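Have a look at the model, then read the points alongside it.

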Amino acid sequence: MSVPTVIIHRDADVLAKAVAARVITRMVDDQSAKGSASLVLTGGTIGLATLAEIAASPARDAVDWRNLDIWWGDERFLPGGDSERNETGARKALLDHVDVDPARVHVMRGPDSGMSAEESAEAYAEELRRASRPEDHGPAPSFDVLMLGMGPDGHVASLFPGMPALYDTRPAMAVHGSPKPPPTRISLSLPVIQAAREVWVIAAGEEKASAVRLALSESGSMQVPAAGARGRQRTLFLLDRAAASKIPASLGRISSP
Ligand SMILES: O=C1O[C@H](COP(=O)(O)O)[C@@H](O)[C@H](O)[C@H]1O
């Protein structure tokens, strides 16, 4: 697992624009090198702001959207179209504005599919297994970029502190009793997150500062799930100044104006 690099931007607005530019460049590079790319989306405030900035960028047309696999790190188990679903937010902010291949937009299905949360999670796990290639050496693709928002409690995807899902080794699982509504969710597991080539934890705001400090410390992922958010080749903590305000000065970091 890689050691995190911390990059700090002035505020949430600059952070979202900078992450958007980073996503576009990374997808273009991966598509140039291997023909296609994979991107895991996150819900949450800064995650959706980032997607809106990608949509607003003239450089978005440099991405071959039809040759991109889009996945989610987690989903709130709500019917399709519900405004609280991460999918709904992502469609509104970005996916409705670019020419994605619907077959390559891998959604976690809600109760309107007729499936229980367990069945939906298993269907997603199966989709991940099918997409895995021999070089991935595991039950899910090694995603090129996996973005994660982070809660003030240090949760990432729908992996909340102290919850059994943190020990789950299936590619995706149902989560019940989430402390943040809605209570039922679907999440990628920690091993799948850690198999991604690059993991980007994105956080803005002072309310995230303590969790950011713990996520960059020696904390265990059971106490602070974001402490387990590490990519195989690279881990980035992309922060605004407020979210970075409690990081010890000793920790290497790069700041933009
Ligand atoms: O519920 C969720 O919350 C987190 C973080 O959201 P934020 O609004 O505090 O930024 C998000 O990363 C996750 O995908 C989502 O389901």
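1. Start at Gly-43: one of its polar backbone atoms is 3.1 Å from an oxygen atom of the ligand. I'm calling a pair of N or O atoms within 3.5 Å a polar contact. Thr-42 has a polar side-chain atom 3.1 Å from a ligand oxygen, and for Lys-208 a polar side-chain atom lies 2.9 Å from a ligand oxygen. Taken alone, the ligand exposes 390 Å², and the protein buries 92% of that (Shrake-Rupley areas with a 1.4 Å probe).

2. Who else is around? The ligand has 13 residues around it, and Thr-45, Asp-74, Arg-76, Lys-180 and Lys-208 come nearest; to count, a residue needs a heavy atom within 4 Å. By class, that shell has one nonpolar, seven polar and five charged residues, with Asp, Glu, Lys and Arg taken as charged and Gly placed among the polar ones.

3. Now the loops. Pro-181 and Pro-182 are joined by a cis peptide bond, with omega about -5°. Pro-182 belongs to the loop between strand S6 (172-175) and strand S7 (185-188). His-137 isn't a glycine, yet has a positive phi of about 50°; look for His-137 in the loop between helix H4 (117-131) and strand S5 (145-149). Helices (H or I, at least four residues) and strands (E, at least two) are DSSP runs, numbered from the N terminus.

4. How far to trust this? The model is predicted, with local features needing pLDDT of at least 70 and side-chain atom pairs 80 or more, while totals for chains, interfaces and linings use all residues. Numbering runs from 1 along each chain as its sequence is written, and side-chain values use heavy atoms, leaving out hydrogens and water. Average pLDDT (the predictor's confidence in each residue, from 0 to 100) is 96 for the protein, and 100% of the residues score at least 70. The model's ipTM is 0.97 and its pTM 0.97.

Note on methods: A polar contact is a pair of N or O atoms within 3.5 Å; within protein, one must be able to donate a hydrogen and the other to accept it, and residues adjacent in sequence count only if both atoms are side-chain atoms.
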